[in-house]
Amino acid sequence: NVQRIDMGMAQTMLDAGEYLAEPALWVKGWRYQGQLQALVESRVLLISTEQFFHVCKDYANVMANTVVYARCFVQEMNKNTNLSKEVTDLPLAPLGNSKPLNPSMSSRRVHPATQ
């Protein structure tokens with residue numbers, strides 16, 4: 001659901017339960033890709049990457065699952081980037097959906113964060 005607004009910026013509406021900026025947890029040196037503005041009352045949860053991994057490392061099974069998830073996330077992100085030529089903070093497109101979320105974004109490959 002990408003639209004153009006007067007300032008020439010792409011606008012994407014998120015539905016209830018969707019989230020954004022997850023790449024910041026899994027990609028070292030991630031840079032946010034736009035501006036966020038809520039049109040309705042919303043909740044924001046800020047997670048410190050360093051504190052998140054500090055807690056995970058105390059639980060071997062959680063850390064192992066987290067590493068597997070992070071690798072899968074980055075692999076899927078790279079796949080979507082190759083298909084749509086974009087890098088985004090928005091939720092990844094559903095599998096099989098090659099429609100770009102924001103066609104104005106430039107393409108670049110991302111690599112998992114190393115902790």
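Which side chains meet in a salt bridge? The side chains of K79 and E76 do, at 3.3 Å from N to O; a salt bridge here is a side-chain nitrogen of Lys or Arg within 4 Å of a carboxyl oxygen of Asp or Glu. The model is predicted, with local features requiring pLDDT of at least 70 and side-chain atom pairs counted only at pLDDT 80 or more, whereas totals for chains, interfaces and linings use all residues. Residues are numbered from 1 along each chain as its sequence is written, and side-chain values use heavy atoms, leaving out hydrogens and water.

**Overall fold**
- The protein has three helices and two strands, in the order β-β-α-α-α from the N terminus; helices (H or I, at least four residues) and strands (E, at least two) are DSSP runs, numbered from the N terminus.
- Of its 115 residues, 27% count as buried (under 20% relative accessible area; exposed is over 50%, partly exposed in between; 1.4 Å probe, protein chains only).

**Helix α3**
- Helix α3 (residues 60-84) has 25 residues and reaches 36 Å from its first C-alpha to its last, close to the 36 Å expected at 1.5 Å a residue (1.5 Å times one less than its number of residues).
- Its buried residues include M63, F73, V74 and M77.
- The cover over the buried residues of α3 includes α1 (23-26) and α2 (49-56).
- Just after α3, K85 takes a positive phi of about 60°.

**The salt bridge**
- The count comes to one salt bridge.
- K79 and E76 lie three residues apart in helix α3, and are therefore separated by about one helical turn.
- K79 is partly exposed at 43% relative accessibility, whereas E76 is buried at 17%.

Conventions
Contact = heavy atoms within 4.5 Å.
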